[in-house]
Amino acid sequence: MARAVTLIRAASLSDVAEYAYAATAPAEARLVFLAGACPLNDDGSTAAIGDYAGQAAKAVENMRTALAAAGATLQDVISTRVLVASARQQDLVAAWQVVRDSFADHDVPSTLMGVTVLGYHDQLVEIEAVAAVLDS
């Protein structure tokens, strides 16, 4: 299946970052803007309370579901923003590693941010994403 997303790497920028620095999609691509994927269970309760990695995994699972409903997959994501309710770098890294591993070789441009608080009780992680799809 043809994919709309092209990841761009800049040789003059550091290769330490575990993501592409830019991505493009052709004009005919359909863009899918996802609300922040939250670590919520089907009953609305917060999953993995107190566990940054566990909440990141649940948020990715919920993001996959939202993408599927829009006719897309993780391979169609063109960028992400990972929000982590913590001022501690190790908490951000714990969440990021789960997100990064979920995307595997499709290492889309991403922003990782520590924030003060998120919207749901006991919520530690939220993942925003944009996808680009070529409809057949």
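Visitor: Which residues of helix 2 are buried?
Guide: In helix 2 (residues 89–103), the buried residues are D91, L92, A95, W96, V98, V99, R100 and F103. Helices here are DSSP runs of H or I with at least four residues, strands are runs of E with at least two, and both are numbered from the N terminus. The model is predicted, with local features needing pLDDT of at least 70, side-chain atom pairs counting only at pLDDT 80 or more, and totals for chains, interfaces and linings using all residues. Residues are numbered from 1 along each chain as its sequence is written, and side-chain values use heavy atoms, with hydrogens and water left out.

Visitor: Against what do the buried residues of helix 2 pack?
Guide: They pack against helix 1, strand 4, strand 5 and strand 6. Contact here means heavy atoms within 4.5 Å.

Visitor: What makes the span of helix 2 close to the expected one?
Guide: Helix 2 has 15 residues and reaches 21 Å from its first C-alpha to its last. The expected span is 1.5 Å times one less than the number of residues, and for helix 2 this is also given as 21 Å. Helix 1, with 18 residues, reaches 26 Å, close to the 26 Å expected.

Visitor: At what angle do helix 1 and helix 2 pack?
Guide: Helix 1 (residues 52–69) packs with helix 2 at an angle of about 35°, and their axes are 8 Å apart. The axes are lines fitted to C-alpha atoms over the stretch in contact, and the angle, on a scale from 0 to 180 degrees, is taken between N-to-C directions.

Visitor: Why is the crossing of helix 1 and helix 2 called right-handed?
Guide: A crossing is right-handed if the near helix is turned clockwise from the far one by less than a right angle, and left-handed if anticlockwise. The crossing of helix 1 and helix 2 is right-handed.

Visitor: Which residues of helix 1 and helix 2 meet?
Guide: From helix 1 come Y52, A53, A56, A57, V60, M63 and R64, and from helix 2 come D91, A94, A95, V98, V99, S102 and F103. By class, this contact has eleven nonpolar, one polar and two charged residues. Ala, Val, Leu, Ile, Met, Phe, Trp, Tyr, Cys and Pro count as nonpolar, Asp, Glu, Lys and Arg as charged, and the others, Gly among them, as polar.

Visitor: How do you know that Q55 counts as buried?
Guide: Buried means under 20% relative accessible area, exposed means over 50%, and partly exposed lies in between, with a 1.4 Å probe and protein chains only. Q55, in helix 1, has 0% relative accessibility and therefore counts as buried. Among the residues that Q55 touches, leaving out those up to four places away in sequence, are P39, T46, I49, D122 and L124.

Visitor: What does the side chain of Q55 reach at 3.4 Å?
Guide: At that distance lies the backbone oxygen of A48. The backbone oxygen of A47 is 3.2 Å from a polar atom of the Q55 side chain. A polar contact is a pair of N or O atoms within 3.5 Å; within protein, one must be able to donate a hydrogen and the other to accept it, and residues adjacent in sequence count only if both atoms are side-chain atoms.

Visitor: What caps the N-terminal end of helix 1?
Guide: D51 does, with a side-chain oxygen 3.2 Å from the backbone nitrogen of A53.

Visitor: Why does A48 count as partly exposed?
Guide: Its relative accessibility is 31%, so A48 counts as partly exposed. A48 is in the loop between strand 3 and helix 1, and has a positive phi of about 50° although it is not a glycine. Most residues other than glycine have a negative phi.

Visitor: Where is A104, and why does it count as partly exposed?
Guide: A104 is in the loop between helix 2 and strand 5. With 39% relative accessibility, A104 therefore counts as partly exposed. Its phi is positive too, near 50°.

Visitor: Why does D107 count as buried?
Guide: At 11% relative accessibility, D107 falls under the limit for buried residues. Beyond its neighbours within four places in sequence, D107 is in contact with L7, R9, E18, Y19, A20 and R100.

Visitor: What makes D122 partly exposed?
Guide: Its relative accessible area is 34%, which means that D122 is partly exposed. D122 is in the loop between strand 5 and strand 6, and its side chain makes a polar contact with the side chain of H121 at 3.3 Å.
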